[in-house]
Amino acid sequence: FYLDRLPVCESHSQALKTALIYVLLVDPSECQHSFQVQLTHYGYILNELRLQNRRLRPSRAILLVRSHNAENHVGHSDSEVDEAWRDDLEEFELVNGSAIKWG
């Protein structure tokens with residue numbers, strides 16, 4: 001779930017060729033980490049990356065995925081689930097800066 005250590009780029013060229021991809025589940029089941037917990041762990045990673053020289057930081061991307069398991073939504077409509085993770089993401093971005101979004 002969380003890397004023991006982040007990759008270290010030795011040069012700007014290497015950093016430009018490196019990407020860290022994070023996959024966050026917006027509708028986890030009860031036995032999985034909540035979206036908010038996943039964002040918190042991603043925040044820890046951002047803090048570690050910010051300790052590195054900016055020119056030596058790898059690019060990063062977040063993929064937000066949905067599991068579409070009916071069991072995940074017991075008692076909650078899709079719109080309630082959407083609103084919850086969007087609110088969590090908006091709050092995360094207020095603290096950590098906004099992200100560029102596609103899709």
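**Fold, core and pocket of the chain**

T40 is partly exposed, with 38% relative accessible area (buried means under 20%, exposed over 50%, and partly exposed in between, using a 1.4 Å probe on protein chains only). The structure is a predicted model, in which local features need pLDDT of at least 70 and side-chain atom pairs count only at pLDDT 80 or more, while totals for chains, interfaces and linings use all residues. Residues are numbered from 1 along each chain as its sequence is written, and side-chain values use heavy atoms, leaving out hydrogens and water.

A walk along the chain comes next. The chain holds 3 helices and 2 strands (DSSP runs numbered from the N terminus: H or I of at least four residues for helices, E of at least two for strands). Starting at the N terminus, their order is α-β-α-β-α. T40 belongs to helix α2, which covers residues 35-50. Although T40 and F92 are 52 residues apart along the chain, their C-alpha atoms are separated by 8.2 Å. Across the chain, 67% of the contacts between residues at least 6 apart in sequence join residues at least 24 apart (a contact means heavy atoms within 4.5 Å). Of the 103 residues, 28% count as buried.

The two strands come together as a pair. Strand β2, residues 59-65, runs parallel to β1, and 7 bridges join them (strands pair if DSSP finds at least two bridges between them). L25 has V65 in β2 as its bridge partner, while I21 stands opposite A61 in β2. Between the strands, the chain passes through α2, and this β-α-β crossover is right-handed: with the strands pointing away from the viewer, the path from the first strand over the helix to the second runs clockwise.

What about the interior? The largest nonpolar core contains 15 residues, and L6, Y22, F35, L39, L49 and W85 have the most contacts inside it (such a core is a set of buried Ala, Val, Leu, Ile, Met, Phe, Trp, Tyr and Cys residues joined through side-chain atoms within 4.5 Å). At least two residues of this core come from each of β1 (19-25), α2 and α3, and α2 gives the most, with 6 residues. Apart from its neighbours within four places in sequence, W85 touches V26, F35, L64 and R66.

The largest pocket is lined by 21 residues, and I62, E93, A99, I100 and K101 lie nearest its centre (on a 1 Å grid over the protein atoms alone, a pocket is an open set of points where a 1.4 Å probe fits, with protein on both sides within 12 Å along at least five of seven lines; lining residues have an atom within 4 Å of a point). The lining takes at least two residues from each of α2, β2 and α3, and α3 provides the largest share, with 6 residues. E93 sits in α3, which spans residues 78-96. Why does E93 count as buried? E93 counts as buried because its relative accessibility is 15%. Setting aside neighbours within four places in sequence, E93 makes contact with S98, A99 and K101.
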